[in-house]
Amino acid sequence: MMEYKVTVATGTSEYSGTNNYIYVTLVGERGESERTVLDNPGLDFRRGAVDDYTVKSSADLGPLILVRLEKQKYWVEDNWFCRYVKVSVPGQRCSYTFPCYRWLVGDKVVVELLELSLKKLAIKFGKSWNDLDDFKRIFWKLRSPIAEYTMNHWKEDWFFGYQFLNGSNPRMITKCKELPSNFPVTGDMVQSSLIPTTTLKEELKEGNIFLVDYAIMDGIPANVIRDRIQHIASPLCLLYEHPEKGLIPIAIQLGQKPDKDTPIFLPSDPPLAWLLAKMWVRHSEFQVFQLLSHLLRTHLVVEVICVSTLRQLPAVHPIYKLLTPHLRYTLEINCRGRTQLLSMDGIFKKVVSTGGDGLLILAQREYKVLTYRSLQPKFDFLDRGVTKLKDYFYRDHSMMLWNVIQNFVSGIVSLYYKSDSEVEQDSELQAWIHDVAVEGFVDVPHFGLASELKTKEELITLLSVAIFTSTAQHAATNNGQFDWCAWVPNTPCTMRHPPPTDKDAVTMGMIMDTLPDISQSCVEMAITWHLGRAQPDPAALRVIDKFRKELKELEEQIIAQNEGLELQYLYLCPSRVENSITI
């Protein structure tokens, strides 16, 4: 019997303590502890308290991976703020600190991962999982229904294809009008994946064949993690819009140069070979969506707008007022990202295959091909030839949001600019666009944004791009990170062996040695949860919602009191009361 010392720290602010039941389960590399209620003589979990408990396990759990906290109501509902949980291992000097710093509201289950600083990550670095089911030891399925669904369906071809449409990187897929010369797929190779009455040539002509090409990854230097080189591929993936099965992969090549060591993988190949080929594609997805689709094409693009707005537009300018709610915190989070994620001692350098020099080179390549046109959803979908692709919810919802945003922007701009000439004559606005185009995107050779604004329409489009990118586009690439990456084999952050060259030689042992090791898997889950979680304070939002509800009820009372009156008193209707003194 093992006895672990568990220290639980309650928040220091008012009402942080609780009288509810608190349970804890320790999860280690070798198993789980008993689900233990934390109960000492006297009052537990008082404001500012740091309480010690004993949690028993019938066997050694091995290196600890996570802590599962559960709160259940006792008589009345009572929220609790947990600062952290610290676990000491019997007979060892090492301890594990699991930061929490959050409210547990209602009957709540919370799982905390190891510190992102990794300073106390005591897991054996470089140790592989034994089999795919072992990933369940760190899998946090209670938090995300989509992540749980991913765990259950990630091997299926239709689900693999679906993620190109509605996953965390839905902007890569393009219609394939003719096969690239460096991707020598023949009709015979893929015939078994097509409906029997058609051919590859016919389906290409009908517009039912699609391509995802990771040529941008070719030649990117791989990261070295703890003296071990990681590996990178630059796949090409051919997909077919099957009338019954949906979008399915029909051929994968894991490099840009076909030869005997770069075979074309097919669904008819040995199952483990086909599965590993799909994993390599998903590994490239992790690199591209994190560094290019998410970081560069949202965070860094909006940073340009943000800096120029702060430098060139006074706070009283209507365009400043329009933009500033959508630029809030952008510079702060980007600075934190540079120091904590992307730096030479950041998280990406520790666990991601493109960490270090690789991510800089990858970003530089994307900058060279980045265009203003591609940031406008209508043109993006047109240029990629995906306007008719079925079940492409990202496209449909993006266009609906774009239209609403554009209508809103058009209405605001039309209030302050009655004609194109007024746009041209606004010196502050012209200084702003010059700063954006000439200073902000100076190293983007084909961006295609003019350094002056001549019409209202040009202004409306640019403002719509800025707002759409900082809201809808960022949400599309950021908010699903945990959903698609929590089950690590579905979207690995790194690969520890090179791509396979022999289809028949792929074994489960090879797959497990290629996928992220135990420590890398833990950190992948941690960073995708932290980066993808919603940021607003739910407690504050509840207060705001209550305030709005009370104002609405008050408005209804005032209107009711005024019904039938010849002289109505409506000055204090909440809808007529401004937020501040403005005149």
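Visitor: Why is Cys493 called buried?
Guide: Its relative accessible area is 1%. Buried means under 20%, exposed over 50%, and partly exposed in between, with a 1.4 Å probe and protein chains only as cover. At 1%, Cys493 therefore counts as buried. This is a predicted model, where local features need pLDDT of at least 70, side-chain atom pairs count only at pLDDT 80 or more, and totals for chains, interfaces and linings use all residues. Residues are numbered from 1 along each chain as its sequence is written, and side-chain values use heavy atoms, with hydrogens and water left out.

Visitor: How do you know that Cys493 is in no disulfide?
Guide: The count by this rule is zero disulfides. For Cys493, the nearest cysteine sulfur belongs to Cys485, 8.9 Å away. A disulfide is a pair of cysteine sulfur atoms within 2.5 Å, so Cys493 has no such partner.

Visitor: Why is the contact of Lys278 and Asp157 called a salt bridge?
Guide: Their closest N and O atoms are 2.7 Å apart. A salt bridge is a side-chain nitrogen of Lys or Arg within 4 Å of a carboxyl oxygen of Asp or Glu, so Lys278 and Asp157 qualify. The pair links distant parts of the chain: Lys278 sits in helix 5 (residues 271–312) and Asp157 in helix 2 (residues 157–166), 121 residues apart. Helices are DSSP runs (H or I, at least four residues), as are strands (E, at least two), numbered from the N terminus.

Visitor: Are Lys278 and Asp157 buried or partly exposed?
Guide: Lys278 is buried at 4% relative accessible area. Asp157 is partly exposed at 23%.

Visitor: What makes Glu285 and Arg282 a salt bridge?
Guide: Their side chains meet at 3.6 Å, N to O. That is within the limit, so the pair counts. Being three residues apart in helix 5, they are separated by about one helical turn. Both Glu285 and Arg282 are buried. Elsewhere, salt bridges with shared partners join Arg171, Arg297 and Glu366 into one network. The structure holds 17 salt bridges.

Visitor: Why is Lys260 called exposed?
Guide: Its relative accessibility is 70%. That is over the cut-off for exposed, so the label holds. Lys260 forms a salt bridge with Asp261, with the closest N and O atoms 3.4 Å apart. Asp261 is partly exposed, at 42%.
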